[in-house]
Amino acid sequence: MNEDITERIEQYLYLDTNYAIIINGDYGIGKTHYIKNDLFPKVKELNVPYTDKDEKFLPILISLFGAKSIEEIQNQIFLELYPILKSKGVKIAAGLTNSVLKYLGNDLKDILSETGASGNNLSDYSRILICIDDIDRKSKELDLKEVFGFVNNLVENFGAKIILIANEDELRKEINIDRDNYSLLREKVIGISVSFSANVSKIYDEIIQSKYKEKNEPYYKFLDSEKKNITSRILQNNSNLRNLLFFLEHFKIIFNGINAFFEKDEILKDFHSEIWTQILDFTLPIAIEYKSGVLKPELFDDIQNLYKGGLFDISAFLSDGNKLQVKSEEEKVKTYSEIYEEKYLDKSSQKKTLYFDSIFNYITGISSFNIDELISEVNNKYQVEDSKIPEREKIMQKLSYWQCIDLPLKDYRKLTSQLITFVDKGEYKLDQYPSIFHLATRFDNILNFNLVNLKKRFKRGISKGEFEYKHNLSFYFSISSDSEFYEDLKEIGEYCIEINKQIKVNSEKEEVKSLFELFKSDFKAFLEKVNEPNTQLRYSPIFSEFNFNKFWRAFKKAKNTELIEFGFDLKRRYTKYVYPDLNPEKEFLENLKAKLEIEISKPKTRKLDKITFEFLVKNINESIENFA
């Protein structure tokens, strides 16, 4: 396709014309790359026609990105024609004719003499091809009609050869007129319009060879081996090569760190290939979406929850009465996370796509890349303990979905039996049990388990486990209504969810007890702990869990300076829009206010104490007003 564009441009250069060519295409698909790397080398080899001299064409490329005036365009053209002018700091403000010489006088003649050029060829466009890029990205101060008028003057009055590079859809939007009127404007200037399509495969090869083959051979080899995966994602996203370049440069840092780790690593060596796939499959979509400007900060939590929350339909674990009423397909508007999930996450796969916080934060600019954090995440995901992968995890890997298909049935049965023995001891993580139940019963229960007894066995094993509460309990494969033994799977999943909820209840009780002891022993340390920014305590209704009478007895013993600090903390805790989970604390504040007002009214209350209590009441009133 692009070879045909080159041929048409070659023919254009040999014709006597009074029009320009426009190369039309979406942003970032490689139009400029094509001009610089494919077209220009060929144009430079072409002889200028109708001349006795052995002259070759001179192609130049200028960008209108941010350009505010025609004078800026003129200036760019001259600086590209005579690069020495850049070093001299010359500013061209006159037209593209010999009047430039008159305008700048002998100074320009002296400068041009250094290049071997003369005033005569300043107005000779027979040997020059001017390519004007980014017309659709110029400043709004420069009217599109002015640009077309400028180009029209060059092609009609000076016989200039000009190629415009743009996204015509954007030009139509900018000029704010209908399609027919836009066509009338462009037909005066444009003789040929060609649509550009990126050859992503070819450009990918050129980029990785030029940037990495000599400077970073291991990275080049990796990119070459992963070409199909990477280019398919780029093609999926309108062949935007800016996304590709952003990904390649950022992933280079990740690759170098992990590659250095893998060179010394013996523990995970059997999983290196799998880990590379997981890291690549996660990084590539995040990089594309962020560079495209679609993945914005307000959507970060949605994408993080999409990965951390697992690839299953949570409604499967809700009772019918709790299920949300879903709109019809015609009425339903998809959320960004739903679009992202459809686009990048294969729900039909039995393998969960892993999430890497260190990579997400790096790609989205939250923090610099830290290889130690990524290694820690990898070790955690592969359950590395005491510098080795536990036997229970090795068995799971051997039985992973299609990994087991070549095993003799005797070995398959033995491994599954060993798997369930670890279940009996409660040695797996809570989020693994539904997946393990599925591994035991898949392929239409090929091992003929009694499912009622097997579920009881799983529940006994799970109850023996020691787990920490997980805010987003996710499971390691897709659970849907068409899964094998769906109701049984659902039962195991629901049991895990209930266990997780009970862990939360128990841990909160212990936490409240611990916090109250801290409150009694060190009031200042207590305030610092519950008001730390970006922690769960900052958004948990701690005060509503305290026995108020016991709280008040300890509160009265605090120093006035501590109570003043408590008053300031109230403002920080109950901002203009109180976090919904803190609503139960409103009653606590009302009770505290009532107690303080009684103290203020007592004749025996010291004056300085009254001032402190009045300050607290004032802050409590302001805090209460912020509740919905």
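Gln418 is partly exposed, with a relative accessible area of 30%; on this scale, buried means under 20% relative accessible area, exposed over 50% and partly exposed in between, calculated with a 1.4 Å probe on protein chains only. The model is a predicted one, in which local features need pLDDT of at least 70 and side-chain atom pairs count only at pLDDT 80 or more, whereas totals for chains, interfaces and linings use all residues. Residues are numbered from 1 along each chain as its sequence is written, and side-chain values use heavy atoms, with hydrogens and water left out.

Gln418 belongs to helix α20. Helices (H or I, at least four residues) and strands (E, at least two) are DSSP runs numbered from the N terminus. The C-alpha atoms of Gln418 and Glu391 are separated by 9.7 Å, and the two residues are 27 residues apart along the chain. Helix α20 spans residues 409–424 and also holds Thr416. Thr416 is buried, at a relative accessible area of 0%. With residues up to four places away in sequence not counted, Thr416 touches Leu399, Ala440, Leu447 and Phe449, where contact means heavy atoms within 4.5 Å.

In Asn445, a residue other than glycine, phi is near 55°. Asn445 is placed in helix α21 (residues 433–445) and is buried, with a relative accessible area of 10%. Phi of Asn448, again a residue other than glycine, is positive and near 60°. Asn448 sits in the loop between α21 and α22 (451–464) and is exposed, its relative accessible area being 65%.

In the protein as a whole there are 29 helices and five strands. Of its 628 residues, 47% count as buried. Among contacts with a separation of 6 or more, 73% are accounted for by residues 24 or more positions apart.

In soluble globular proteins, nonpolar side chains tend to be buried together. A nonpolar core is defined here as a set of buried Ala, Val, Leu, Ile, Met, Phe, Trp, Tyr and Cys residues joined through side-chain atoms within 4.5 Å. The largest such core contains 82 residues, of which Leu248 and Phe251 touch the most other members. Helix α13 (residues 241–264) supplies the largest share of this core, 11 residues. Leaving aside neighbours within four places in sequence, Leu248 is in contact with Tyr204, Ile207, Ile208, Tyr212, Tyr219 and Leu223. Another core, of 35 residues, lies apart from the largest one and includes Ile542, Phe548, Leu582 and Ile600.

On the α1 side the contact is made by Asn2, Ile5, Thr6, Ile9, Glu10 and Leu13, and on the α2 side by Tyr34, Leu39, Lys42 and Val43. These residues divide into six nonpolar, two polar and two charged; Ala, Val, Leu, Ile, Met, Phe, Trp, Tyr, Cys and Pro count as nonpolar, Asp, Glu, Lys and Arg as charged, and the others, Gly among them, as polar.
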